[in-house]
Amino acid sequence: QQNQVLEDLEMPVVRRETENLFQERPETGNQYLEDALLRSYLKAHLPPKVLEEVSQDLERFGNRLLTEVKPLGWECELNPPVFRQYDAWGQRVDHIITCSAWKRMKEISAEEGLIAEAYERRYSNWSRVHQAVKLYLFSTTSGGFNCPLAMTDGAAKVIESLGTPASLKNAFDHLTSRDPKKFWTSGQWMTERRGGSDVANGTETVARKQPDGTYRLYGFKWFTSAADSDVTLTLARIADAEGHVKQGSSGLSLFFLKVRDEDKKLNNIRVQRLKDKLGTRQMATAELWLDGAEAELISAEGRGVASISNMLNITRIHNVIGAVASMRRMISLSREYALKRVVFGKLLKDHPLHMQTIARMEVQTRGAFLLLMEIARLLGLAETNMASEQDQLLLRLLVPVAKLYTGKQASATVIEAMECFGGQGYMEDTGLPVIVRDTLVLSIWEGTTNILSLDVLRSLTKSQGQVIAVFFSTVQKKIELASSTAELEPAVKQMQAAISRLTQFIQGAGSKEAMTMELAARDFSYSLARIYAGALLIEHASRPDASAEDISAARRWCNQELCPVATEFKNRSYEAEESLMDSSLVYSSPPSTSRL
C-alpha cells in the first residue's frame with residue numbers, strides 16, 4: 001500500500017486513479033470482540049456460567065451493532081427531528097416529526113432489553129453490569145437514542161424505589177418491556193426559565209388538585225430532552241386552596257404524566273420550539289408549555305427532590321457510560337486509521353510520537369472504563385440487597401465523582417483523537433465531528449463539574465465523614481493486591497504517597513473555614529477520581545493472567561498528579577485572599593461603555 005501511494009505521487013495528476021487520491025476509511029469490527037479490556041474485566045469478575053451467557057449475548061449484539069444499528073445511527077444524524085406547529089388547514093398540531101431510523105432505534109432498544117435487563121435481574125447482582133456493557137457498546141452508534149434510554153431507566157428506577165404502586169404498575173411494565181409495541185420511553189422535565197441545576201429556586205410550575213384526585217400542571221419547561229417520549233417525570237409546586245405555593249425545595253413534589261392521550265393528542269401541552277443545539281441533534285429537545293396537563297402525584301407532598309434523586313443517580317451513570325463509550329470509539333477509529341494512513345513515507349503506526357499520543361489516551365480510557373464498571377457493580381449489589389453499608393456509601397460518592405471526571409476526560413480525549421485524523425477529522429461526512437459534538441454535552445448535562453463537586457462535599461457531610469473512611473479503606477485493599485507484583489511497586493508507592501497527601505489535606509482543610517472546602521471541591525473531586533481509578537487499574541493488573549499492557553496502564557496512570565488538591569492547598573490556592581484575586585483577575589478589564 002505504501003509503495004502504491006509513492007508510485008501514484010510520481011504520476012501526472014490526470015493519469016492517477018481517482019480512488020487513489022483519497023484516504024482509506026478506518027473500519028472497526030465487532031466492538032465487543034475488539035475491546036480487550038472489557039473482555040478481561042468480565043472474565044475476571046463474572047461467575048463462569050454468567051460469563052458464558054453474557055459473552056454470547058454481547059458478541060451477537062456486537063454483530064448487530066455493526067450491520068444494523070450503525071447505519072441507522074447515521075440516518076438519525078442526517079435526518080434530525082422537525083417541528084410542525086400547524087397543519088395545512090391552520091390547525092395547531094405541535095407535531096414533532098422523527099425519522100424512521102429513530103423509531104427503529106426504539107424498537108431495537110426494546111428487543112435488546114436495554115432497560116429490561118436491569119430490572120429482570122436474571123443475572124442477579126451482575127445484571128446491571130450486563131446492561132451497562134450493552135449500553136456502552138450501543139452508545140456511539142445509537143444515533144442519540146442513548147439519551148432517552150437514560151431517562152427511561154431513571155423513571156423505572158424511581159417507580160421501583162416507590163414500591164411500584166398499583167397506579168404506576170402499567171407504566172413500569174411499559175418502561176421495562178422487551179416488546180417493541182409496548183415499550184415506552186420517558187422524559188425528565190426539570191429545567192425551567194431560569195435554567196440550571198437550582199431547581200429549588202428555579203421551579204415555577206404549579207400543580208392544581210382536581211376533584212378526582214389528579215392534578216393539572218401549569219408552567220413552562222425550558223429544556224425537555226426526548227420531547228417525543230411517551231411519558232415523563234416532572235417537578236411542580238402544589239397550590240393550596242387559596243392558590244399559594246411553598247417556595248424552596250420543600251415545596252416541590254414529583255409528578256408522572258403521559259405526554260399524549262389515547263387519541264395521540266398532546267396532554268394539554270404546547271410545543272414552543274425545538275432547541276438548536278451544538279450536539280445531540282438527532283434527539284428532539286423542546287421548550288414546552290404545560291397548560292393544564294393532567295398528571296399524577298407520585299411522591300409525598302414536598303418530597304419531589306428526594307424522590308427524583310434516584311432518577312438523577314441513574315442518568316448520571318448513563319452519562320458516564322456515554323463518556324467512556326465516546327472515548328473508546330474515537331481511540332478504536334484512531335488506531336485503525338494508523339494502520340492505513342501513510343505520512344512521510346511510513347504508516348502512522350510506525351511514528352513513535354503518534355503511538356505515544358494514542359497510548360496516553362488509552363490509559364485515560366482504561367481508568368474511566370474501570371470506574372464505570374465499579375459503579376455498575378456497586379449498583380447491582382444495592383439493587384439486589386447484597387450491598388454492605390460501605391458499598392452503599394461508596395456508590396453515593398463515586399457516582400458524582402465519576403460523572404464529573406469522565407465528562408472532562410471524554411471532552412479532552414475525543415478532541416485529541418480528532419487530531420489523529422488531521423484535516424479529515426474536521427470533515428462532517430466522516431462522522432467524527434458528530435462524536436465530538438455529542439460528547440461535549442457530557443460535562444454539562446445532569447450537573448456541571450462545579451455543581452457535582454459540591455455534591456461530592458455534601459456526601460461527605462451527610463455521612464459525617466464515614467464515606468471518606470470507606471474510600472480510603474477500599475483503595476488500600478485494592479492496592480494491597482499488588483504486593484506480590486514487583487512491576488507494580490512504583491505504582492503502589494505513588495498511590496500510597498497520594499493517599500497520605502489527601503489525608504493531610506483533609507486534616508488541614510478541616511481546621512479552615514467552610515469556604516476552603518468549597519474552593520477546593522473541584523480539585524478534591526479530581527483527586528478522588530484519580531486515586532480510585534488508579535486503585536482499580538492496579539487491582540486489574542494484579543490478576544494472575546494480567547497482561548503487560550495492564551501493568552503498563554496502571555503504572556502510567558499513577559505517574560500523573562494523583563492528588564492535585566494537596567498541591568493547590570500547599571500553594572495556598574484556597575485562601576480567602578486568593579479567592580478575592582480570582583474575581584480581580586476575571587474582572588480586571590474595565591467595563592464596556594454599554595454597562596456604564
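Over residues 28-177 the chain is 67% helix and 7% strand, with the end C-alpha atoms 31 Å apart, where helices (H or I, at least four residues) and strands (E, at least two) are DSSP runs numbered from the N terminus. What you see is a predicted model, in which local features need pLDDT of at least 70 and side-chain atom pairs count only at pLDDT 80 or more, while totals for chains, interfaces and linings use all residues. Residues are numbered from 1 along each chain as its sequence is written, and side-chain values use heavy atoms, with hydrogens and water left out.

The stretch I opened with comes from a record: the UniProt annotation "domain: Adaptive response protein AidB N-terminal", in an unreviewed entry, covers residues 28-177. UniProt positions are given here in the numbering of the model, feature names are shortened, and annotations may be inferred rather than shown by experiment.

Let me turn to helix H3, residues 36-45, in which Leu-37, Leu-38, Ser-40, Tyr-41 and Leu-42 are buried; buried means under 20% relative accessible area, exposed over 50%, and partly exposed in between, with a 1.4 Å probe and protein chains only. Which helices do the buried residues of H3 pack against? The partners are helix H2 (31-34), H4, H7, helix H12 (352-383) and helix H18 (514-541), with contact taken as heavy atoms within 4.5 Å.

Next, the charged pairs. The structure holds 50 salt bridges, a salt bridge being a side-chain nitrogen of Lys or Arg within 4 Å of a carboxyl oxygen of Asp or Glu.

Because Lys-134 lies in helix H7 (residues 127-138) and Asp-57 in helix H4 (residues 48-78), the pair ties together parts that are 77 residues apart in sequence. Lys-134 counts as buried at 2% relative accessibility, and Asp-57 is buried too, with a relative accessible area of 14%.

The side chain of Lys-134 also meets that of Glu-112 in a salt bridge, at 2.8 Å from N to O. This pair links distant parts of the chain, with Lys-134 in helix H7 and Glu-112 in the loop between H5 and helix H6 (116-120), 22 residues apart; both Lys-134 and Glu-112 are buried. These residues belong to a network of salt bridges that links Asp-57, Arg-60, Arg-64, Glu-68, Arg-104, Glu-107, Glu-111, Glu-112 and Lys-134.

Another salt bridge joins the side chains of Lys-169 and Asp-173, at 2.8 Å from N to O. Why are these two residues separated by about one helical turn? They are four residues apart in helix H9 (residues 166-175), and therefore about one turn lies between them. Lys-169 is partly exposed at 41% relative accessibility, and Asp-173 is partly exposed at 35%.

Now to the second largest pocket, which holds about 980 Å³ of space. On a 1 Å grid over the protein atoms alone, a pocket is an open set of points where a 1.4 Å probe fits, with protein on both sides within 12 Å along at least five of seven lines, and lining residues have an atom within 4 Å of a point. Grid points are joined across faces, edges and corners, and the volume is the space filled by probe spheres set on the points.

Of the 33 residues that line this pocket, the closest to its centre are Asp-228, Ser-229, Asp-230, Arg-260 and Lys-264. Strand S2 (92-97), helix H5 (100-111) and strand S8 (269-274) are the elements that give two or more residues to the lining, and S2 gives the most, with six. The lining divides into 12 nonpolar, five polar and 16 charged residues, where Ala, Val, Leu, Ile, Met, Phe, Trp, Tyr, Cys and Pro count as nonpolar, Asp, Glu, Lys and Arg as charged, and the others, Gly among them, as polar.

Lys-264 lies in the loop between strand S7 (252-258) and S8, and is exposed, with a relative accessible area of 67%. Phi of Glu-446 is likewise positive, near 65 degrees; Glu-446 sits in the loop between helix H14 (432-440) and helix H15 (449-462) and is buried at 10% relative accessibility.
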